[in-house]
Amino acid sequence: MIIMFAIGKVMAQNISGVVVDSKALPLPGVTVLVKGTSLGCSTDINGNFVFKNLTNPAQKTLVFSYLGYDKIEKAIADQSSLRIVMQESSTGLSEVVVVGYGSQKKESVTAAISTVSAKDLIQAPTANISNSLAGRLSGLITVQNSGKPGADASDLYIRGVGTYSSSVSPLVMVDGVARDSYNNIDPNEIETISILKDASATAVFGVRGANGVVLITTKRGKAGAPKISLSAQTAMNEFTGLPNFVNSFDYASLQNEKSFETYWINHAKDADIATWADFVTKRDANWKKEAAHYYSDDDLLKYKNAHTPLLANGQTNPNYDPYFHPDTDWQSRIFKKHSYQSQVNLNINGGTESMKYFVSLGYLNQNGMFKTDYMAFPDDMAYTNKRYNIRGNFDFDINKDFRVSVDLGYQHEVQGGLNLDNEGWMWEKRIMWSNPITTPGIVDGKFVMPYTNTKIGENPLEEIAGMGYNNTIKSTMTSSLKLKYKLDRILDGLSVNARIAYDSYFQTRDGGATPTLWYKLTPNSNGDVMDPIFSQMSEEIPPQRWASWYVGKWRKVYGEGSLNYNHSFGKHDIGALALYNVEKKYDPSLTPDLPHAYLGMVGRATYGYDGRYLAEFNMGYNGSENFPKGLRYGFLPAYSLGWVVSNEAFFPKNDIVTYLKFRGSVGKVGNDNVIVNWVSKRYLYLPNTWNYSGGYTFGTLGDRNWVGGAEEGTVGNPNVTWETATKSNIGFETKLFNSKLSATFDYFNENRVDILSNKQTIPDIVQATLPPYNLGQVKNWGWELELNWRSNFGKLDYWIKGNLSHNKNKIVFMDEAIADGLGYQSATGRPINQLLMLKDKGLYTSWADLYQVDAAGNPILSSPVLALDKTGQPYKNAAGNPVYEKDLGYNGAVLQPGEIGFEDVNQDGVIDKKDNIRIGKTNIPEFTFGLSFGFGYKGFDISALLQGVSGVDRYISTRPFNNLEAITEVGLTRFTLERSANGEDIQFPIAAYNSSAAYNTYFLKDASYVRLKNMEVGYTVKPSFMKKVGISSTRIYMNGSNLLTFSRNKIWGDPENLGNNGYPLIRTYNVGLNVNF
Amino acid sequence: MNKIRTTIISTVAIVAMLCLSTTGCSDDFLEKPKGGAVTTDTIFHTQNEARKAVAQMYNTCVTSYFAKDWSGSRPESITDELYLLHGSNDTWAGQVINTQYYVTGNMSTETNCDYGGYSSHYNGIRHANLVFENIDNVADATVEWKNDVKGQAIFCRALQHYELFRYYGGIPLIDHSLHEDVNYPRRSIKAVVETIVKWCDDAAAFLPETRPSADFGKVTKLAALALKARVLLYAASPQYNTPDNLKGELTGARFGDARDSVLCYPTYDKERWKAAADASKAVLDNAAIAGVSLFNTGKPLTTGETYATLGDYESVWNVYGNSEIILANTKSIEAPSGWETDSWSLYMSSRLFYSSWGIKNNVPNEFLQLYEKRDGTKWTLPESGNDLPVYIQSLNLDPRFYQTIAYDGMYYCGQKGYLDYYRAGDGYPDGKLCGAEGTIGFAIETFKFIPRVDDMNTKHFTWPVFRLAEFYLSYAEAMNEYSGPSQATYDAINIIRSRAGMPNKAGLDQVGFRAAIQNERTIELAYENNRYNDLLRWLTAPKVLNQSLHGIITTAKKVNGALTRPWVTELFMNRIFPKRYYYLPFSNAEISKKYLGNKDWNGQNPGW
């Protein structure tokens, strides 16, 4: 316990007390201040505090504050011993809200900000922060695409997307400095994460704030005895889902089915086919011959017996042929069922009057799901993500006016494993395309390929083992020195601040190659299929390891100086901020390799009257190097107002509505990050640039001379400037029913103009690489609702939090070339990234959809069915001939039952690219929601988070029957006339479907989902015997993430990254222990 | 006191820091540091830099349209010279020219067969125009060098306009680099031809007659004359210069109103044939001074697998930089930028090069039969036979057949031995070149541009843009159309035939000579990217490209303990050629930009 002494005087008295929570448990670390003085202390481990020799105590008031609890002011009066009961604040959050370049009292905030605290973050046993934000914050969309250790971060979108050509990522600030990487911070280091949503909150970030801002605040030391917290947890991971694949017998049968169906496609238009009978005769005579792959009855029988070496009577099964007719379950050969991860964190915080500290050490070890026992370097080729985190945040109070803060953070990451740099491709071609009939895989420790099957696939184990490995080693150092000097002597409430930050990053890589040795299997001439002949097919090359090499590095210097003013007099609260900052980043990977600079000024003025009327002005005056002299700086202001109705005299005091605030804001924010073809463009104003590329060889044989090429690059745009978002926001905050329920609602509207984008209407005869111009416009709007209920049944405390967000956007203008009559293909007027594809009208379910049929249901080829137009009438094509349904295949492809039917949008009698329309939801969800709830009873606590999205579609590009890949269980739900007649579940067209027409809405799937994102059960013990060894509390807990998922199209995979090729998402079960000393 | 001093010092220090950083509040902090970006001035300042722009001009303009990457088939896959397989697995092979849509009559505005695409031509034109406009700024080069570069730039511009002309008809003519505000509609055939011809003349005035061997691949005066001759030959042909009696052939490819000026000349003019003949004659007359001559060592037959034993015809594309080449694409093989150009080209061009993988470029039976027998007579392929190699050798065909076409059982070279295209039978597994995938097992493909000498070393062959033989045939064709057969036309065709080892043509009337010269051109220039335009301009495309194409399948059979290859013919496909194919469509995107036509017409070609 630390006590601060004032200069002692007579008439003093000792004042002591204890602070407890609503459950009468002592609260350590509560800040106790004597109001109107700088006297203060904090409670000890038992909640006790004491002020020795306090002068005139009877006239003094004590102020108790503690993060997450309502502030209490208590007059001492004539008591010398106080008992204070603190209530958890109904928002569950600190009363102070972190805002851009500062913090504000929550009550006086007029901007739209959502905050999540550390407690919620560490509930999710995920390796990185972005994944633990899902469902926690209104207005935040998270999308996780991969579960690969070290590459499993989510993409974040604040209030959807507002531009179609530039970066849509929010700006991330860690402790007041823009930082490129935040996902590698140990969640235990974090105090709060806020997202700034409206213009009022983001205007201070000027040309970098248009996509919203994520503010991450790390923990700082509090005065008091050292508090040590140790947590350790270990988790088991598994895939949320991996497709089930069909076995060899089904695979071969389905391929035969496909070949059989393909015959109609290839021969329906043959001159010698007049009737269905002609066709059947010809098909039955020829289809096996023309089959791309035909599997005979003998093959099928052997595939069926691939796991049956012995007959029931114990004799050798003559159809058992595991080498040449295998049935290999690759998924179980390639993947483990489970992998493990562990996480340890030790942190200490405490301090004295003049020095406070928070120091944290963290370790994470995350393992991947690949089996590696058959590889040359089993340890190196297994995916791992090891992370070491160190943070030290120190505050030195040189005197009561002068504070120096030093923040140091360091993250060291080692990410290793298979060299899957081109992951999507590898995944698709080598892992998902591993069909069960190709090879038995490994026989006698040898990679084998049967001789007869070399054309139909690869040996995935050999392919994977041959990829080698690499280890990526990343070191990120962040540092900041901040000086704060109070100038109350000059003006009450004035302070001056300065900060210098230096960040650096270095990345190296090492690796190894493991050329595989593989063997060809040929049948033994003695006829014994169980005794095949191995012939070595590749040279034996010893595995190699490579020394590490440099991959990337950068360093960034940031400087900031500011004047702050905060003062209250009478009923007036006034605040002001003037801040100047500069940033320079040196990164050799930038094109061109020149340092990147930012420079800006920030201003803020806040005014509050009597806690009822609030007004705020924020502005950013920024410069960006991307723009030419004269257009380099921009002034981006935002204005906001607030009205706390419940503080008005006329507002009746009641228990129903205890608090009500209306607020609104309008302002401008910019975005200077222009991305063309995935590359950020710089210096767009430069005159016509040239690049060195291409070249040509002149000369004759033996005298050839290569001359490198140079060609024109981008033409300059001398008028380029940033895109500007005008954002408005209106909302209210209220507390109801004795503050048990709090609610926040916001409606927002954004108009993004001057979007830097390419002109699409320039004729191709120009052929200059024209620069982006400020010409696009997008509107983005939506609303958010947060509800928070906290109450108790006797000793059982419970809480429910919910958030629901909605966003929509529309391209108002985009320069695009749309041919006459094809207006339905334009992106203008539609959501960003809405797909342009054929619209399906379902499957043709019988021959009767295409031709008149005879009594047996067979088509009468001379009597095709007329196609009907939008009004239900037959219609004619451009040549004046009637349009038949059978001719509506994509680009004239032959149709049959089970094919996908397409809408002839332009009614010209053919299905081609002109029939593509803008359709479907985009891959950014329109609705996101989170519902968390929990309760505590004595030492037990349980909490859970349900999270979900809707209004989102994803296109499936990897489908069964595309080529030679394995067939998933989706393939079993394909259309056949028989399955259709039996009313079986059909999720897929016929096996021989026209894959070149697959870009259509049949494969655009609703990716809405609801999932049990996290669930946690904990038990806290505080027995007195542990206190003797210095332990104040111990909590053991179990939690998990991605525990249950509900979605409509689960058969296609995890809805969050539906249709994505790559490492699947992960479900985690975790147990942990947290000890506080 | 002490405290106050500390306060003051600290305040001063902090304010000073603020000021110090504030003084940086100027444009200088955000100004681009020197270096990093290259602009037009940098490139056209020194000759050494400018020559890089020139090299890239060749890269963008002088393309041979030979398969060049993973998605580019041989351009002949849309003619009757090739049948590319179009199973579901092979559609990508013809992606660049959309073969699968073209041959089935389903080419669309978005899937036309322009190799490289409409914009690639204007990309080359822009590059050539930029070189032309900026080359005078080079500080350290001689006027001669600059004039030479100007000649090359004008030639490159003309060559790419010719490429557009041969696909689309009249197109916008662009003789300077454009910015975005443009109004350049399609121009008439007359204007396009006159302009290209003028550019060829301009280029010829700047270009040297010959170049040192280190500059082989750069254009000479003769190349400009060659381009001019080819354009004038096309312009004189019925597609553009349509005699009244042939106008009916082009129904469906004409508007029937003033818009037709972008498709053809308004009236037939026989003198255009004279102009074409004169231009070809100019090439022949100027060849000697340029060091160009027909490659003729008096060896029509290939008798072994060394250079010395190659037939003259095969030598023309096997002997690098031989005397017959007027202009070649010298980039194609062995560029340091990579194996893609190399391996993929060979992969796309033949199955025989890599055996187990590679695109099968089947030759239809209909095309095989265009080769005459050695005695100059025609032949017909039977439906089936007992042993394909024996049969084919017994036919004793035009020696150029055996120097172009690979067939099952053919002895190729030491490295490959006998080619095995047969399907499995009698205990023999599928031949190495058959492939396991059903329809791939056809027995004939072309090996033109696949080397067999020097251990199949790919460095040795040249991909011609222009070679001299073409202009003998062009001259003969134009003169026959102008004034009927004459000694001059017979001399021109027979010099080519005798080099190939074929008997002379004689005693034909104009129609008979027309048939002879067209067939001669087809055989001599096979697989050199001429057939597509020849079929169009002769108006024979609707006949040749509307027929059923067939292939030959062989199956291994053991006869007296030895492998034989009995064969049958089988349908490849029924080709479809709608009349609107005469002029390729512009894409919807280009049409929607509304610059190709005029206020009453969107500029699209008829039927699209």
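The side chains of Glu31(B) and Arg632(A) meet in a salt bridge, with 3.1 Å from N to O; the term covers a side-chain nitrogen of Lys or Arg within 4 Å of a carboxyl oxygen of Asp or Glu. Between chain B and chain A the count is five salt bridges. This is a predicted model, in which local features need pLDDT of at least 70, side-chain atom pairs count only at pLDDT 80 or more, and totals for chains, interfaces and linings use all residues. Residues are numbered from 1 along each chain as its sequence is written, chains are lettered from A in the order in which they are written, and side-chain values use heavy atoms, without hydrogens and water.

**Interface**
- Contact (heavy atoms within 4.5 Å) links 86 residues of chain B with 85 residues of chain A.
- Chain B and chain A bury about 7600 Å² between them, 63% of it on carbon and sulfur atoms; buried area is the accessible area (1.4 Å probe) that two parts lose on being put together, summed over both.

**Strand pairing**
- Strand β36 (residues 689-700) of chain A pairs in the antiparallel sense with strand β1 (residues 38-39) of chain B over two bridges; strands are DSSP runs of E, at least two residues, numbered from the N terminus, and pairing needs at least two DSSP bridges.
- Thr39(B), in β1(B), is the bridge partner of Thr689(A).

**Confidence**
- Chain B has a mean pLDDT of 88, with 89% of its residues at 70 or more; pLDDT is the predictor's confidence in each residue, from 0 to 100.
- Over residues 335-341 of chain B, pLDDT stays under 50.
- The predictor gives the complex an ipTM of 0.91 and a pTM of 0.81.

How values were computed: Helices (H or I, at least four residues) and strands (E, at least two) are DSSP runs, numbered from the N terminus.
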